[in-house]
Amino acid sequence: MNILDKIVADKRKEIELKSLIFPAAQYTHSVIFKRDTFSLAQALRNSDTGIISEFKRRSPSKKTINQNANVGQVAMGYEKAGVCGMSVLTDIKYFGGSLEDLIIARASAQIPLLRKEFIISEYQIIEAKAYGADVILLIAAVLTMEEIKKFSELAKSLGLDVLLEVHNEEELHKSIMPSIDMLGVNNRNLKTFEVSLETSKSLSNLIPDDFVKVSESGISSIEAIKELKEYGYKGFLIGENFMKTDNPGESAITFITDLKK
Ligand SMILES: O=P(O)(O)OC[C@@H](O)[C@@H](O)c1c[nH]c2ccccc12
């Protein structure tokens with residue numbers, strides 16, 4: 001079994017139990033559930049920097065990235081840096097994240113927040129909104145075309161933006177539908193952890209122009225962003241490059257200042 005299959009198998013068990021303890025219906029009456037959301041797609045369209053910065057303590061490919069960072073402080077730093085949005089890992093077992101991190105980020109910054117999660121059920125989409133997310137991630141590698149349609153339509157009906165992530169041409173073909181706002185190309189193969197910006201470059205011309213194009217993972221230089229922009233990318237998801245430093249917020253400020261020069 002590859003790591004992605006393992007993560008998804010664990011996730012199924014987790015949701016099965018969680019939905020018994022906290023049924024989805026109990027979330028939908030809360031004030032936070034009914035709030036207005038921020039649009040990441042809109043922020044990216046209006047931006048000339050396009051940075052989506054991530055909060056990530058560890059990952060299966062990098063055992064420790066940053067165990068000390070305070071999610072509230074990092075969210076404030078990212079907001080001050082002028083990022084278009086912040087991605088918050090909520091998977092505990094493999095990434096050391098949590099829904100608590102998401103809610104603290106929500107309380108700390110008024111910017112679009114992406115729930116970074118392996119979404120395989122409608123329950124997690126309700127939960128995402130209830131914990132303060134504005135955007136959900138759907139990973140084509142673990143979903144059927146029917147699931148992508150059902151999940152993205154539910155998200156849209158709740159006022160959430162949808163970032164659909166692909167890694168190859170086949171995943172891209174099954175994912176193109178009107179309920180998707182942004183198409184993310186993950187430069188990291190989630191099954192082997194290999195990273196190459198060539199993935200973004202080679203898939204770019206297959207993505208129709210009505211979707212905001214986002215390049216994800218392995219981005220650590222201004223040069224890389226300038227190059228990816230030429231392939232039509234408007235969004236750049238950066239995690240480790242900021243998180244591996246002692247002050248991720250400050251690192252984002254420096255990075256975006258340099259990007260604007
Ligand atoms: O830390 P990086 O290489 O800058 O990557 C960030 C982000 O793209 C990566 O964390 C990611 C992209 N897609 C995912 C899906 C699940 C978990 C994590 C991810």
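Let's start with Glu79: how many C-beta neighbours does it have inside 10 Å, and what does it count as, buried, partly exposed or exposed?

Modeller: Happy to. One thing before we start: this is a predicted model, so local features need pLDDT of at least 70 and side-chain atom pairs count only at pLDDT 80 or more, while totals for chains, interfaces and linings use all residues. Residue numbers run from 1 along each chain as its sequence is written.

Now, Glu79. It has 18 C-beta neighbours inside 10 Å, so it counts as partly exposed. (With C-beta atoms placed from the backbone, 20 or more others within 10 Å make a residue buried, 12 or fewer make it exposed, and partly exposed is in between.) Glu79 sits in helix H3; helices are DSSP runs of H or I with at least four residues, strands are E runs of at least two, and the numbering goes from the N terminus. Leaving out residues up to four places away in sequence, Glu79 touches Ala109, Gln110 and Ile111, where contact means backbone-placed C-beta atoms within 7 Å. Ser108 is 29 residues from Glu79 along the sequence, yet their C-alpha atoms are 9.0 Å apart in space.

That Ser108 takes us to the helix packing. Two packed helices are described by the angle between their axes and the distance between the axes. H3 covers residues 71–81, H4 covers 99–108, and the two pack at about 45° with axes 8 Å apart. (Axes are lines fitted to C-alpha atoms, for helices over the stretch in contact, and angles run from 0 to 180 degrees between N-to-C directions.) H3 and H4 are therefore oblique to each other; under 35 degrees would count as roughly parallel, over 145 as roughly antiparallel, 65 to 115 as roughly perpendicular, and the rest is oblique. On the H3 side the contact uses Val71, Gly72, Ala75 and Met76, and H4 answers with Asp101, Ile104, Ala105 and our Ser108. Sorted by class, this contact of H3 with H4 has five nonpolar, two polar and one charged residue. Here nonpolar covers Ala, Val, Leu, Ile, Met, Phe, Trp, Tyr, Cys and Pro, charged covers Asp, Glu, Lys and Arg, and polar takes the others, Gly among them.

H3 has another partner, helix H11 (residues 248–260), and their axes come within 7 Å and cross at roughly 10°. That makes H3 roughly parallel to H11. From H3, the contact takes Gln73, Val74, Met76, Gly77, Tyr78, Lys80 and Ala81, and from H11 it takes Pro248, Gly249, Glu250, Ala252, Ile253 and Ile256. Eight of the residues where H3 meets H11 are nonpolar, three polar and two charged.

Let's go on to the ligand. The shell around it has 15 residues, and the closest are Glu216, Ser217, Leu237, Gly239 and Glu240; a residue is near a molecule if its backbone-placed C-beta atom lies within 6 Å of it. Strand E8 (235–238) and helix H10 (240–243) are the elements that give two or more residues to this shell. By class, the shell splits into four nonpolar, five polar and six charged.

Leu237 lies in strand E8 and is buried, with 26 other C-beta atoms within 10 Å. Beyond its neighbours within four places in sequence, Leu237 is in contact with Ile52, Glu54, Ser87, Gly184, Val214, Glu216 and Ser217. Ser217, for its part, is in the loop between strand E7 (212–216) and helix H9 (222–229). Its phi is near 80°, a positive value in a residue other than glycine. Ser217 has 26 C-beta neighbours inside 10 Å and so counts as buried.

One last stop is Leu44, in helix H2 (residues 40–45). Leu44 is buried too, with 26 other C-beta atoms within 10 Å. Gly85 is 41 residues along the chain from Leu44, with 8.5 Å between their C-alpha atoms.

Definitions and conventions
Two residues are in contact if their C-beta atoms, placed from the backbone, lie within 7 Å.
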